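Take a look at the chain below.

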Amino acid sequence: MSLNYAASLSKYPDKGVLGKEELIDSSAKVEQKVLLLADAIRRAQKIVFITGAGISTSSGIPDFRGPNGVWTLEEKGLQPTINVDFELAKPTFTHFALNSILQSGKSCYVISQNVDNLHLKSGFPRENLSELHGNIFTERCLSCGKEYLRGTPTKTIGLKKTGRLCTTLKSNNRPCRGKLVDSVLDWEDSLPWDELAESEYQCSMADLCLILGTSLQIQPVGNMPFKTKRYGGEIMIINLQKTRMDQHADLVIHEKCDKVFKLLCSELRIEVEENVVTLPCSNELRVIKEAYRCDPPPIVKYKVKRIKVCTEDDINSVKIKTENEHSDTNGSAVKGAVETVNTVNTALKLE
């Protein structure tokens with residue numbers, strides 16, 4: 001079924017760099033890096049996970065750009081030898097571990113580039129998840145934006161009408177009856193604006209951005225970790241291939257995600273429960289997301305880089321004030337940061 005999804009996409013010549021070499025760190029090095037990762041998770045108040053196809057390969061769903069990826073083999077006239085139907089695929093240990101970290105009390109958010117529905121199957125809550133490329137098991141209402149989970153994959157991709165109507169009751173107690181479309185994007189489709197805005201917001205507010213199983217070749221996701229870095233957060237990567245973000249990362253682990261998360265959860269003493277969420281019946285629709293969010297969420301804090309001064313005498317004279325985020329009449333977020341700098345005959349130099 002994952003091959004059918006890849007084949008359903010429109011022809012697109014630029015699929016990025018394919019077949020890059022996979023690297024594996026030594027066991028001793030992985031164990032050392034996991035200790036650093038565990039320490040970062042303990043320190044972080046808010047964590048964002050950016051996930052790609054690499055976290056689903058152990059479930060039998062092939063990736064796209066790896067040495068045995070769908071598009072890598074396609075260039076050679078071959079197909080992957082392993083290809084599990086989306087309906088039969090089970091979440092990996094990494095999927096379950098992300099949910100367990102959230103349930104342990106950590107503030108977590110997942111930005112997924114996958115369409116396989118495995119995050120929801122693992123029990124990860126929809127309100128803590130952005131599925132930027134869609135989900136082959138969901139439909140969206142064109143009128144109110146409500147999202148429905150279905151029991152079988154949609155027969156189309158590219159935001160096409162499924163033939164069903166939205167049954168949500170409006171304020172006048174009448175059904176919305178908006179037309180439902182599949183949620184999986186084709187190459188030229190725009191990302192869902194509400195999911196994209198939420199993802200960028202979450203990255204900006206995160207203390208730690210952890211990148212899992214993705215080469216970050218697709219934009220705008222590829223640049224989202226910079227938002228975390230910009231406001232003083234850390235970037236850490238678990239991926240078998242080198243990524244364009246490696247040089248900016250605070251930690252890079254070359255190992256399979258499942259192995260790393262087994263070590264990580266053991267170090268954090270988090271028990272991982274592997275309970276698969278049951279999908280609706282084939283003809284049933286289950287609401288999993290309410291209407292589009294019209295306004296961005298309120299900012300409860302705002303990070304400002306420390307201003308470094310020329311001399312030690314000036315340090316005590318620098319005061320930084322931050323104001324809460326305000327929203328204009330269009331609902332767009334305006335982050336206001338008021339910096340008051342008192343200096344005595346010395347110019348301050350900003351980094």
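The model is predicted.

**The cores**

The largest nonpolar core holds 53 residues. Tyr5, Leu37, Phe49, Leu212, Ile238 and Phe261 have the most contacts inside it.

Now zoom in on Phe49. Leaving out residues up to four places away in sequence, Phe49 touches Leu98, Ile101, Cys108, Tyr109, Val110, Ile111, Leu210, Leu212 and Phe261.

| Residue | Loop location | Relative accessibility |
|---|---|---|
| Gly134 | between strand S3 (129-131) and strand S4 (138-141) | 5% |
| Ser122 | between helix H5 (118-121) and S3 | 2% |

Is Gly134 buried or exposed? Gly134 counts as buried because its relative accessibility is 5%, and buried means under 20%. Beyond its neighbours within four places in sequence, Gly134 is in contact with Asn114, Val115, Ser183 and Val184. Take Val184. Val184 and Gly134 are 50 residues apart along the chain, yet their C-alpha atoms are separated by 4.1 Å.

Ser122 is buried too, with a relative accessible area of 2%. Which residues does Ser122 touch, not counting those up to four places away in sequence? They are Pro91, His95, Phe96, Asn99, Asn275 and Val277.

Methods
Residues numbered from 1 in each chain as written. Predicted model: local features only at pLDDT ≥ 70, side-chain atom pairs only at ≥ 80, totals over all residues. Heavy atoms only, no water. Core = buried A, V, L, I, M, F, W, Y, C linked by side-chain atoms within 4.5 Å. Buried < 20%, exposed > 50% of the residue type's maximum accessible area, 1.4 Å probe, protein only. Contact = heavy atoms within 4.5 Å. Helix = DSSP H or I, 4+ residues; strand = E, 2+ residues; numbered from the N terminus.
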